[in-house]
Each structure stands twice: as C-alpha cells, then as structure tokens.
Amino acid sequence: MTTTAASPWQPDTWRQRPARQMPTYPDPAPLDAACAQLRQFPPLIFAGEVQALRAQLAEVAAGRAFLLQGGDCAESFDTLDGNAARETFRVMLQMAVVLTYAAARPVVKVGRIAGQYAKPRSADTETQGGVTLPSYRGDIVNGAGFTAAERAPDPARMLRAYSASAATLNLLRALAQGGFADLNQLHAWTTDFVRASPQGQRYAELAERIGESLAFMAAMGFNSSNTPQLREVSFHTSHEALLLPYEEALTRHVDHGLLGSAGGAPGWYATSAHMLWLGERTRQLDGAHIEYLRGIANPVGVKVGPTATPDEVLALLDALDPAREPGRVVLITRMGAGKLAERLPPLLAAVRDAGWPAIWSCDPMHGNTVSTAGGVKTRDFANIVQEVREFFAAHAQAGTVAGGLHVELTGQDVTECRGGGQNLTDERLAERYTTACDPRLNGSQSLELAFLVADLLKAGRRPGGESADKSSPPPAR
C-alpha cells in the first residue's frame with residue numbers, strides 16, 4: 001500500500017478516503033450546523049504550546065527526557081466537577097516526581113484529558129435481550145445508556161465536548177501554574193488511600209529526601225518565589241483522533257505572529273489538543289485518519305500492536321513524518337505481555353536502521369485486557385508490569401531509547417484492575433468500578449508502576465547519573 005504524503009492537503013481532504021470507526025449521522029444538516037459553529041469558536045490550545053511540546057518531545061527522542069502520557073480511557077460528561085481531572089493531574093505529578101528523581105532527566109507530562117471523549121469499538125452495534133442498537137462510541141458521539149434515544153449519534157454532542165474540554169483545560173492550567181504543582185506540596189499530593197499503601201510509604205520517603213534538597217536550595221536563595229521551575233509545571237493534553245468532523249472544524253492555519261517565542265513553522269494546527277494519536281483500528285495508510293494527521297503540525301502518536309510488520313511501521317513513519325523531524329511521531333506499542341519480547345525487536349531494528357527519530361512509548365494496558373468469569377472487563381497488574389519490563393529489555397538489547405509510558409489511569413480509588421500492592425481480586429472489582437469504558441489503574445497502582453519504571457530508568461543510566469546526550473538543555477519542568 002502506498003503513502004499519500006506527497007499529495008495536496010487541506011483539513012477536509014480526509015473526506016476523500018475511507019473512514020473507519022466513524023458514526024453514521026442520519027441527517028447531515030445538524031452535523032453541518034454543529035461543525036459550522038465549532039469553526040467559529042476560539043482554539044482550545046495554541047500553536048506556540050504545540051511547538052513547545054514538540055521541542056520537549058525532541059529531547060525524549062534523543063534520550064534526554066522521558067514521556068509520561070496518562071489519563072482516562074474515556075472521559076465522561078457526567079464528571080465535570082473537576083474532581084476527576086484534579087486527581088488525574090495529582091497522580092501524574094507524583095509519578096513524574098518519582099521518574100525524574102530516579103532517572104535524573106525531565107519528564108514530559110501529557111494527559112489523556114480535556115478531549116478524550118471518543119472511543120473505537122470492535123463492532124458497530126451491540127445486542128442485549130434481542131435488541132440491537134448502535135455501539136457506544138464515547139460521549140462526543142452518543143450516550144452509554146442502552147436505549148434508542150441514548151445510542152443515536154447526536155452532532156450537538158460535539159459542542160458539549162468542546163465546552164467540557166475548555167472547562168477542563170481551564171482547571172489544568174490553573175493547577176499547573178497556580179501553585180498546586182509546587183514541589184513544596186509533595187506530601188499534600190498524596191490521597192489517604194495511597195498514603196496507607198506500601199508505595200505511598202515509599203513515596204513519603206522520597207518526598208522527605210526531596211524536601212531536604214529544597215530546604216538546602218532555599219538556604220542558598222532559590223525558592224518558589226524566585227524560581228518558577230519549583231512551583232510550575234508544563235502539562236499538555238492529548239486524545240485519540242477519531243471523530244474527524246470535530247477535528248477538522250477545530251483545525252486552524254497559523255502564521256508566524258501566533259507562534260510566540262516557541263518558534264516553529266507556520267502551518268495547519270489541530271487546536272483540539274496539543275497531541276493527537278491514531279489507534280490500531282484507524283492507522284490504515286489509505287485511510288481518512290492518516291490523511292488528516294499527516295497534514296497537521298502537532299506531534300502525533302500511532303498505536304502499534306502485535307500484528308504490525310517492519311514495512312508497515314516504516315510506511316506509517318514515511319506518511320506522517322517524511323521530513324524525519326524529532327518530536328513529531330510517537331510509536332506507542334500495545335502488544336501484550338509475552339508477545340512484546342518477540343514482536344517488538346524487529347520493529348526497533350527497522351526504525352533504527354532506517355534512521356527515523358521516532359519516540360517509542362509503551363502502552364501496557366490495551367494488550368492485556370481480559371474478562372473475568374462473571375464477564376467483567378479487567379487487567380492484571382502483573383501482566384502490565386511484565387510488558388513494561390519486556391519493553392525496556394527489548395530497547396536495551398537493540399541499543400534504542402525506551403522513551404515513554406502510556407497508561408490508562410485515574411488518581412481516584414477505583415477497583416478496576418486486579419492485583420498490585422492492594423491485591424485486588426475479582427470479588428473486589430465491583431466495589432468501585434466506574435470507568436466509562438476500559439479498566440484503569442488507580443492512584444496506588446499508578447504510583448507502584450512509576451516506581452518500577454523509575455528503577456528501570458535508573459538501571460539504564462550511565463555511572464554518575466549522566467544521560468546519553470547532554471548537548472542541549474532539558475525541557476521545562
């Protein structure tokens with residue numbers, strides 16, 4: 001299959017390609033009206049922010065930083081009071097501190113948040129009790145309730161998704177810049193249920209060591225008042241680019257004057273999020289989703305499953321990053337424990353030998369989804385850990401950079417994934433199973449995974465804690 005990278009591009013040229021995982025709207029008029037209104041709305045994010053993220057991701061590609069991408073499987077319109085977003089932000093801050101301290105390198109923080117309202121489905125319809133209705137595709141498309149009215153695709157939901165994303169973004173920016181992320185608040189970030197866990201205790205010990213360092217720095221004249229890096233963090237948003245009419249309507253052409261101090265080239269930007277990604281079901285080279293993503297200046301991710309071949313991955317890179325720009329493409333592996341050790345090395349070798357500066361990130365969630373005897377969808381923490389270990393081992397063997405971690409998580413005390421330090425069993429899954437779609441790690445399990453990855457990163461450091469390349473400055477905290 002050939003790439004279309006050389007053909008002319010506009011935000012709507014995806015309409016000339018076959019589009020998978022898209023809802024069928026019965027009446028085009030309301031869809032056109034919703035898209036017309038979205039085109040009149042201001043952008044959710046700005047091009048300068050996108051270029052700043054690309055600069056940070058270029059550091060990840062070079063092995064001088066690490067990418068942490070995490071958040072909900074699917075956000076819900078029913079959880080817009082800010083609690084869920086704050087708890088996700090909180091646990092990602094904790095994970096980032098653990099990783100930064102161990103690896104002695106910056107952590108680029110990207111949330112699956114403020115726009116993750118669409119989900120791919122394995123089937124277009126769902127049948128219950130002899131009744132067949134359209135599948136639930138996320139709140140931006142239809143409702144989760146099993147009624148004809150709920151499951152009917154409604155384009156007005158795109159307007160609600162825009163408003164919900166804007167509200168969440170407003171909160172995230174306040175949390176990142178308003179003092180919540182101050183390193184002096186390390187202890188305050190820990191929720192009660194995490195504090196009582198073994199990993200909570202380990203985090204408390206780490207916080208004490210960092211606190212001692214902060215006290216020393218304060219004595220030397222460096223504190224939160226005069227050192228912004230201690231009180232603020234850089235935090236970006238991402239979601240899976242599925243609903244292309246929504247993405248197209250929020251695509252803007254940006255010139256030099258709107259890029260700000262981050263620099264970068266003028267061009268087309270998706271302003272629904274700083275980063276977008278493609279799933280396993282929508283990465284066909286001749287498909288609409290590749291066609292859309294190849295034309296935007298944002299960094300893009302591509303999920304890579306166990307069936308991917310070296311030729312397919314190289315063709316994807318050729319379509320999405322023909323200029324071979326560091327920080328442009330993140331290859332997100334999701335192969336499953338026991339499969340990755342066999343399937344990933346040929347891909348690593350092919351990309352390495354072809355000279356593409358792609359970032360490799362590990363999604364240990366999607367390849368390890370199972371159902372209990374009672375039909376409850378879950379994931380085993382032991383399998384998640386195994387896939388992460390296999391990911392780092394494969395990169396060590398290939399001499400490539402294990403660049404990131406991509407996880408479905410929440411800072412809340414949910415019981416959706418089995419195992420971990422809490423030793424969650426099948427019987428406990430129903431206690432607090434609140435996900436809108438797939439099971440997520442809770443705050444305690446997320447922190448436990450961060451300590452594991454921290455140990456792996458620390459083991460890969462050179463003696464003395466030096467990184468592989470110190471030729472350019474690290475990205476902002």
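Modeller: A charge sits over a ring when NZ of Lys or CZ of Arg is within 6 Å of the ring centre and within 35 degrees of the ring normal. In this predicted model, the charged end of R324 sits over the ring of W356, 3.7 Å from its centre. Residues are numbered from 1 along each chain as its sequence is written. Because the model is predicted, local features need pLDDT of at least 70 and side-chain atom pairs count only at pLDDT 80 or more, while totals for chains, interfaces and linings use all residues, and side-chain values use heavy atoms, with hydrogens and water left out.

Colleague: How many aromatic pairs does the structure hold?

Modeller: Rings of Phe, Tyr and Trp (its six-membered ring) pair if their centres lie within 6.5 Å, and planes under 30 degrees apart count as stacked, over 60 as edge-to-face and the rest as tilted. The structure holds seven such pairs. One of them joins F77 and Y117 in a tilted arrangement, with 5.1 Å centre to centre and 50 degrees between the planes. This pair links distant parts of the chain, 40 residues apart, since F77 lies in the loop between strand 1 (66–71) and helix 3 (83–103), and Y117 in the loop between strand 2 (107–112) and strand 3 (125–128). Helices (H or I, at least four residues) and strands (E, at least two) are DSSP runs, numbered from the N terminus. Ring pairs also link W9, W268 and Y292 into a cluster.

Colleague: Does F77 count as buried or exposed?

Modeller: Buried means under 20% relative accessible area, exposed over 50%, and partly exposed in between (1.4 Å probe, protein chains only). F77 counts as buried because its relative accessibility is 5%, and Y117 counts as buried at 1%.

Colleague: Where does V141 lie, and which residues is V141 in contact with, leaving aside its neighbours within four places in sequence?

Modeller: Contact means heavy atoms within 4.5 Å. V141 lies in the loop between strand 4 (131–134) and helix 4 (148–151), and, with those neighbours left aside, V141 is in contact with P23, A152, P153, D154, R157 and L243. V141 is buried, because its relative accessible area is 2%.

Colleague: What is the place of V107?

Modeller: V107 is in strand 2, and V107 is buried, with a relative accessible area of 5%. Leaving aside neighbours within four places in sequence, V107 is in contact with F66, L68, A96, L99 and T100. V107 and E150, 43 residues apart in sequence, are 40 Å apart in space, C-alpha to C-alpha.
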